[in-house]
Amino acid sequence: MNDRFWMQKAYEQAVFAQAEGEVPVGAVLVSKDNQLLSSGRNSIQSSHDPSDHAEVCAIRDASQLLQNHRLLDTTLYVTLEPCAMCAGLIVHARIKRLVFATRDFKAGAAGSVYNLLQGYPLNHKVQIDEGIMQAECSLLLTDFFQTCR
């Protein structure tokens, strides 16, 4: 199982989110031994909670599963570059690596607008990789927002 395999799983979560009327963003968190710990998808509309982003859902579930607020040596796969809130959470959870599909030039906090994952004086820096399934994830978002307009 490689990055593309896990990003496909995150993409499936994004498709579920879209079917539920949510912005189609999905995430999965994977352990250092390549095991799925949790998955999440945007559920802001249904929960009436502005913090219910895909990353937050996946991180919360994994923390409960592991009974630990530190998610050391894990990789988070997300279909869209995390926002500032999610980037802060990724740092606080001590996630080792972030893999995201497509950039968010309006609110991205992993290099597009800000880079909150690797900046000084953070005591934890996250490895960032991007571009896996970029075209598919970008198209899913573009189609969703065109339908909304």
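Which residues does valine 126 touch, not counting residues up to four places away in sequence? In this predicted model, valine 126 touches Ile90, Val91, Ile95, Lys96, Arg97, Leu98, Leu117 and Gln118. Valine 126 itself is found in the loop between strand 4, residues 97-102, and strand 5, residues 127-130. Its relative accessibility is 2%, and because buried means under 20%, valine 126 counts as buried. One distance for this residue: the C-alpha atoms of valine 126 and leucine 139 are separated by 27 Å, and the two are 13 residues apart along the chain.

Helix 3 covers residues 54-66 and helix 4 covers residues 84-92; they pack at an angle of about 25°, with their axes 9 Å apart. Angles under 35 degrees count as roughly parallel, so helix 3 and helix 4 are roughly parallel to each other. The crossing of helix 3 past helix 4 is left-handed.

Now to glutamate 55, which lies in helix 3. Is it buried or exposed? At 4% relative accessibility, glutamate 55 counts as buried. Leaving aside residues up to four places away in sequence, glutamate 55 touches Ala27, Leu76, Val78, Leu80, Pro82 and Cys86. From the record, an unreviewed UniProt entry, comes the annotation "active site", which covers Glu55.

Note on methods: Residues numbered from 1 in each chain as written. Predicted model: local features only at pLDDT ≥ 70, side-chain atom pairs only at ≥ 80, totals over all residues. Heavy atoms only, no water. Axes fitted to C-alpha atoms, helices over the stretch in contact; angles between N-to-C directions. Helix = DSSP H or I, 4+ residues; strand = E, 2+ residues; numbered from the N terminus. Parallel < 35°, antiparallel > 145°, perpendicular 65-115°, else oblique. Left-handed = near helix turned anticlockwise from the far one by under 90°. UniProt positions renumbered as here; feature names shortened; annotations may be inferred. Buried < 20%, exposed > 50% of the residue type's maximum accessible area, 1.4 Å probe, protein only. Contact = heavy atoms within 4.5 Å.
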